[in-house]
Amino acid sequence: MQADIEQVDVDEYWMRQAMLMAEKAEAEGEVPVGAILVKDGKQVAAGYNLSISQHDPCAHAEILCLRAAGQVIENYRLLDTTLYVTLEPCAMCAGAMVHSRIARVVFGAKDEKTGAAGTVLNLLQHPAFNHQLEVTSGVLAKDCADQLSQFFKRRREEKKALKQAQKAQQVDKA
């Protein structure tokens, strides 16, 4: 029982670190998703969404984190590692996790539209694959979901304000 409590504390600690990475994404106008890769209790690499600024559909937090970790470890196999990510991985990211052979993924918020770690489909534990990951879901789920929801709410409000300003300009010109 004590070991389970300790693992929850560890998972929450690293998820909070992933949330800090998500804040960096948001500060750059990106969807706030962050990821941290951990091995032997130490951070190996981190990443956050950069798809918008890099014009790259593959620049998800998980992919950037895995790429950085490969450089640090000097191997494309990221054995005995745990990836913490604030949002459930998509199919692309799940595939990269399987290929990199990470041992475990821990995610916060579920992705009801594209989640590939059990919500829409489960690529991380597909029996046809030669590697399956341990999956822990829902760590700080509300906090992670709130971080995303607040971002999209602000973005909708900004778009609405822009439309109103454009209408006001048109009225002023008339």
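Buried means under 20% relative accessible area, exposed means over 50%, and partly exposed lies in between (1.4 Å probe, protein chains only). The model is predicted, so local features need pLDDT of at least 70 and side-chain atom pairs count only at pLDDT 80 or more, while totals for chains, interfaces and linings use all residues. Residues are numbered from 1 along each chain as its sequence is written, and side-chain values use heavy atoms, with hydrogens and water left out.

**View 1. The aromatic pair Phe 151 and Phe 152.**
Rings of Phe, Tyr and Trp (its six-membered ring) pair if their centres lie within 6.5 Å; planes under 30 degrees apart count as stacked, over 60 as edge-to-face and the rest as tilted. The whole structure holds two aromatic pairs. In the pair of Tyr 13 and Trp 14, the ring centres are 4.9 Å apart and the planes stand at 80 degrees, so this pair is edge-to-face. Phe 151 and Phe 152 are also paired edge-to-face, at 5.0 Å centre to centre and 75 degrees between the planes. Phe 151 is buried, at a relative accessible area of 6%, whereas Phe 152 is partly exposed at 34%.

**View 2. The pair Tyr 13 and Trp 14.**
Which of the two counts as buried? Trp 14 does, at 9% relative accessibility. Tyr 13 counts as partly exposed, at 45%.

**View 3. Strand S3 and its two partner strands.**
Helices (H or I, at least four residues) and strands (E, at least two) are DSSP runs, numbered from the N terminus. Two strands pair if DSSP finds at least two bridges between them. S3 pairs with strand S1 (residues 34–39) in the antiparallel sense over four bridges, and Val 85 in S3 is the bridge partner of Ala 35. S3 and S4 run parallel and are joined by five bridges; here Leu 87 stands opposite Ala 109 in S4. Six of the six residues of S3 are buried.

**View 4. Helix H4 in the β-α-β unit.**
S3, H4 and S4 make a right-handed β-α-β unit. A crossover is right-handed if, with the strands pointing away from the viewer, the path from the first strand over the helix to the second runs clockwise. In H4 (residues 91–100), the buried residues are Cys 93, Ala 94, Met 97, Val 98 and Ser 100. They pack against helix H3 (61–73), strand S3 (82–87) and strand S4 (104–109), where contact means heavy atoms within 4.5 Å.

**View 5. Two residues with positive phi, Asp 40 and Arg 101.**
Most residues other than glycine have a negative phi. Asp 40, which is not a glycine, has a positive phi of about 55 degrees; Asp 40 is found in the loop between S1 and strand S2 (42–48). Arg 101, in the loop between H4 and S4, has a positive phi of about 65 degrees. Asp 40 is exposed at 68% relative accessible area, and Arg 101 counts as buried at 16%.

**View 6. The largest nonpolar core.**
A nonpolar core is a set of buried Ala, Val, Leu, Ile, Met, Phe, Trp, Tyr and Cys residues joined through side-chain atoms within 4.5 Å. The largest one has 46 residues, and those with the most contacts inside it are Met 15, Leu 37, Leu 83, Met 97, Ile 102 and Leu 124. Elements giving two or more residues to this core include helix H1 (2–27), H4 and helix H5 (141–173).
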